[in-house]
Amino acid sequence: MAKPKILDRRVFYAGALLFREGELGSHAYLIESGRVEVFVGRNEAETVLADLGPGEIIGEMALIAKGPRQASVRALELTVCSTINEQVMDRLLESCEPGVKALLKVLMKRLYATNMMLADHLHRDAEMGRWN
């Protein structure tokens with residue numbers, strides 16, 4: 001499969017936010033180098049969900065589900081990412097067999113809904129001081 005055309009490349013310094021929880025997602029990132037952490041909450045009430053590095057994609061769920069970001073992402077070190085916009089993602093999905101495309105969309109919507117419920121629980125726990 002031919003490599004998809006990438007919109008642009010972005011560089012994030014350690015501590016920089018790639019995106020915030022609740023923002024509408026207009027693009028995803030393919031991490032080329034560096035590391036990021038995925039977290040929910042703010043300041044003292046943050047819960048880290050993942051530590052990701054090269055080859056990982058972040059932000060794809062909001063892009064495919066066309067909903068708000070479910071978590072925030074912060075660079076842990078100098079991080080270089082390729083940006084994948086909605087048109088590139090749509091083109092990738094269009095190249096799939098119709099059954100595979102439908103299955104991917106259903107799975108992403110279900111995972112998105114499950115993550116929203118989990119995020120709600122994490123926020124409540126953080127507010128009650130259970131994760132501090």
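Select L30 and I57 to begin: L30 stands opposite I57 in strand 6. Strands here are DSSP runs of E with at least two residues, and helices are runs of H or I with at least four, both numbered from the N terminus. This is a predicted model, in which local features need pLDDT of at least 70 and side-chain atom pairs count only at pLDDT 80 or more, while totals for chains, interfaces and linings use all residues. Residues are numbered from 1 along each chain as its sequence is written, and side-chain values use heavy atoms, with hydrogens and water left out.

**The sheet**

Next, show strand 3 and strand 6, which run antiparallel and are joined by two bridges. Two strands count as paired if DSSP finds at least two bridges between them. Then widen the selection to the open sheet of four strands, whose order is 1-8-3-6 with antiparallel pairing. Strand 1 and strand 6 (57–58) are the edge strands, each pairing on one side only.

**The whole protein**

Colour by secondary structure to see three helices and eight strands. From the N terminus on, the elements run β-β-β-β-β-β-α-β-β-α-α. Of the 132 residues, 37% are buried, a term for under 20% relative accessible area with a 1.4 Å probe and protein chains only, where exposed is over 50% and partly exposed is in between.

**The aromatic rings**

A search of the whole structure finds two aromatic pairs. Rings of Phe, Tyr and Trp (its six-membered ring) pair if their centres lie within 6.5 Å; planes under 30 degrees apart are stacked, over 60 edge-to-face, and the rest tilted.

Select F12 and Y29, an edge-to-face pair with 5.5 Å centre to centre and 80° between the planes. F12 is in strand 1 (residues 8–12) and Y29 in strand 3 (residues 27–33), 17 residues apart. Both F12 and Y29 are buried.

F19 lies in strand 2 (residues 17–19) and Y29 in strand 3, so the pair ties together parts 10 residues apart in sequence. F19 counts as buried at 7% relative accessibility, and Y29 has a relative accessible area of 0%. F12, F19 and Y29 form one aromatic cluster.

**Charges over rings**

The criterion is NZ of Lys or CZ of Arg within 6 Å of the ring centre and within 35 degrees of the ring normal. Last, select R74 and F39: R74 lies over the face of F39, at 4.1 Å from the ring centre.
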